[in-house]
Amino acid sequence: MLDWPTHLLHAALGGVGFLDIVASAYRVHPGGVWSGRSLRDRYASTVAMADILLDNEVFPSLRPQLTTLRATWQDELVAELSDLGDRRSARRVFIRSLGHRPFDRGRLKTRAKTLLTLYRPRRAVRGLAGPTR
């Protein structure tokens with residue numbers, strides 16, 4: 001998680017270059033600090049970091065890109081919470097996301113679908129309503 005904000009700070013404070021060579025390897029394993037966390041936690045942490053960067057205007061020139069990325073990560077968090085069955089948290093994150101980029105043309109269809117998914121009534125499950133006469 002700390003990689004991309006750190007690299008943004010490096011770029012803001014000095015020159016950044018590109019070397020067309022393999023200089024490192026990223027190993028993903030369940031015991032990793034980042035990869036060992038749940039997808040929900042990773043999205044939530046990433047959205048929180050984007051909020052910090054946007055609220056403090058650390059990179060004014062990158063604001064449009066950060067805002068777009070933040071919206072994407074937030075949409076992913078809403079989807080993950082919904083998939084986990086945590087509709088209450090998904091709704092809360094969704095409502096909060098409307099304050100940032102409510103009806104971006106590129107996201108309008110996705111947001112409408114998410115809205116309908118989060119707020120449609122749950123279907124009655126047979127056997128839970130009790131016996132019928």
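**View 1. Lining of the largest pocket in this predicted model**. The largest pocket is lined by 13 residues. D75, V78, A79, T110 and T114 lie nearest its centre. A pocket here is an open set of points on a 1 Å grid over the protein atoms alone, where a 1.4 Å probe fits, with protein on both sides within 12 Å along at least five of seven lines; lining residues have an atom within 4 Å of a point. The volume is about 240 Å³, taken as the space filled by probe spheres set on the points. The lining divides into 4 nonpolar, 4 polar and 5 charged residues. Helices are DSSP runs (H or I, at least four residues), numbered from the N terminus.

**View 2. Helix 2 against helix 3**. Helix 2 (residues 39–55) packs on helix 3 at about 155°, axes 9 Å apart. That makes the pair roughly antiparallel (angle over 145 degrees). The crossing is left-handed. Contact (heavy atoms within 4.5 Å) includes Y43, V47 and L54 of helix 2 and L66, W73 and L77 of helix 3. By class, the contact has 11 nonpolar, 3 polar and 6 charged residues.

**View 3. Helix 3 against helix 4**. The axes of helix 3 and helix 4 (residues 87–98) come within 8 Å and cross at roughly 160°. Helix 3 is therefore roughly antiparallel to helix 4. R70, Q74, L77, V78, L81 and S82 of helix 3 meet S89, A90, V93, F94, R96 and S97 of helix 4.

Residues are numbered from 1 along each chain as its sequence is written, and side-chain values use heavy atoms, without hydrogens and water. In this predicted model, local features need pLDDT of at least 70 and side-chain atom pairs pLDDT 80 or more, while totals for chains, interfaces and linings use all residues.

Notes
Ala, Val, Leu, Ile, Met, Phe, Trp, Tyr, Cys and Pro count as nonpolar, Asp, Glu, Lys and Arg as charged, and the others, Gly among them, as polar. Axes are lines fitted to C-alpha atoms, for helices over the stretch in contact, and angles run from 0 to 180 degrees between N-to-C directions. Helices (H or I, at least four residues) and strands (E, at least two) are DSSP runs, numbered from the N terminus. Angles under 35 degrees count as roughly parallel, over 145 as roughly antiparallel, 65 to 115 as roughly perpendicular and the rest as oblique. A crossing is left-handed if the near helix is turned anticlockwise from the far one by less than a right angle, and right-handed if clockwise.
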